[in-house]
Amino acid sequence: MNINRPIVVGVDGSASSLDAVRWAAEAAVRRESPLVLVSALLTPGQYGVPDAIPSGYFDTQETESKKILEHAADLAARTARGRTLEIETDLRRGPVIGVLLDHVQTAEMVVLGWRGLDEFTGMLVGSVAAALTTHGLCPVAVIRGLPGPEDPDLDGPIVVGVDGTKNSKPVLAAAFEEASLRGAALVAVHAWSDYKLSMFFPNDTEFDWAPHEIAAQATLARTLSGWREDYPHVAVRTVIVRDRPVRNLLAQAERAQLLVVGSHGRGGYASMLVGSTSRALLQSAQCPLLIAHGHH
């Protein structure tokens, strides 16, 4: 019996969720983990569901959702290309966040498509990701920019944002594991500040940046040292920038196969929203994004 925790993926039949299924299937094969395909059904009386919907609609919806899950399971099996992959499906009535939250305590990771069929439910991937990462029980992957099934795989590095605080630990754990599993290089990006420093120091020549740069290099080296020892086969490149972590992470991630960030930044406080950096990257990153929770 496989004791590895499952990879859970939300399925709604959209092209984006099918990309998530393909990505999650590969992730599950790499980890020898089961893949659980989850779909949520609207329920009469559920908040936001119009009362005037005929009862027959819900029966039709269930039939269609079963077909969508069958199609997703077939896609996952084809993505595995003969490699071992245990596939389960879970179709439940209730809000999608609630259904997914039922899985996060036992999941290795929850995977979502970047843009689903949200016109009717009003459910945006950002709010789902925020709700899941707030509970901090497993990483959340949001899949965007995945090549087609017949296209070459993404083969760039894993890019990780490192803030140098204790919140970096689960982020680096996820990033080094992904790099190791994929045989990919790792690019660790550290910004001195989350703010645009020119707002505070408009005249660049009046401020001596050198001691701060040396301190930042030391912080990053110290943060990475133990991980380098645990993963000696992962090639690591470090990038230190003064500010604007979102802009600099996006620049480094242009050719990346995965971008890994924390759900909370240097502030570290619990919030009902993912941190400002990860929230901005949810909207802007053109490659798959993995959000690791910043508290353990």
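1. Arg-81 sits in the loop between helix 2 and strand 3 (87-93). Helices (H or I, at least four residues) and strands (E, at least two) are DSSP runs, numbered from the N terminus. Phi of Arg-81 is near 50°, a positive value in a residue other than glycine. Arg-81 is exposed, with a relative accessible area of 59%. Buried means under 20% relative accessible area, exposed over 50%, and partly exposed in between (1.4 Å probe, protein chains only).

2. A word on the model. This is a predicted model: local features need pLDDT of at least 70, side-chain atom pairs count only at pLDDT 80 or more, and totals for chains, interfaces and linings use all residues. Residues are numbered from 1 along each chain as its sequence is written, and side-chain values use heavy atoms, with hydrogens and water left out.

3. Now the overall picture. The protein has eight helices and 10 strands. It has 296 residues, and 48% of them count as buried. Take the contacts with a separation of 6 or more: 80% of them are between residues 24 or more positions apart. Contact means heavy atoms within 4.5 Å.

4. Helix 1 has 17 residues. From its first C-alpha to its last it reaches 25 Å, close to the 24 Å expected at 1.5 Å a residue. The expected span is 1.5 Å times one less than the number of residues. Of the 17 residues, 14 are buried, so helix 1 is largely enclosed by the rest of the structure.

5. Ser-16 belongs to helix 1. Is Ser-16 buried or exposed? At 12% relative accessibility, Ser-16 counts as buried. Leaving out residues up to four places away in sequence, Ser-16 touches Gly-113, Trp-114, Arg-115 and Ile-143.

6. Look just after helix 1. There Glu-32 takes a positive phi of about 55°, although Glu-32 is not a glycine. Glu-32 is in the loop between helix 1 and strand 2 (35-41). With 59% relative accessibility, Glu-32 counts as exposed.

7. Next, the second largest pocket. Its volume is about 520 Å³. On a 1 Å grid over the protein atoms alone, a pocket is an open set of points with protein on both sides within 12 Å along at least five of seven lines; a cavity is a set of points where a 1.4 Å probe fits but cannot get out; lining residues have an atom within 4 Å of a point. Grid points are joined across faces, edges and corners, and a volume is the space filled by probe spheres set on the points.

8. Which residues lie nearest the centre of the second largest pocket? They are Arg-22, Glu-26, Thr-79, Arg-81 and Asp-153, out of 21 lining residues. Helix 1 (15-31) and helix 2 (55-80) are the elements that give two or more residues to this lining. Helix 1 gives the largest share, four residues. The lining divides into seven nonpolar, five polar and nine charged residues. Here Ala, Val, Leu, Ile, Met, Phe, Trp, Tyr, Cys and Pro count as nonpolar, Asp, Glu, Lys and Arg as charged, and the others, Gly among them, as polar.

9. Cavities come next. The structure holds two of 30 Å³ or more. The second largest cavity has about 30 Å³ of space. Its lining is Trp-114, Val-142, Arg-144, Leu-281, Leu-282, Ala-285, Cys-287 and Leu-289. That makes seven nonpolar residues, no polar and one charged.

10. In helix 3 (residues 96-104), the buried residues are Ile-97, Val-99, Leu-100, His-103 and Val-104. Seen down the axis of helix 3, they fall within an arc of 165°, so they line one face of the helix. The arc is that of the directions from the helix axis to the C-beta atoms.

11. Glu-108 lies in the loop between helix 3 and strand 4 (109-113). Glu-108 counts as partly exposed, at 24% relative accessibility. Not counting residues up to four places away in sequence, Glu-108 touches Arg-5, Pro-6, Ile-7, Arg-31, Cys-138, Pro-139 and Glu-177. Glu-108 and Val-140 are 32 residues apart in sequence, and their C-alpha atoms are 9.3 Å apart in space.

12. Pro-139 is in the loop between helix 4 (125-135) and strand 5 (140-143). Pro-139 is partly exposed, with a relative accessible area of 21%. Beyond its neighbours within four places in sequence, Pro-139 is in contact with Glu-108, Met-109, Val-110, Leu-290, Ile-291 and Ala-292.
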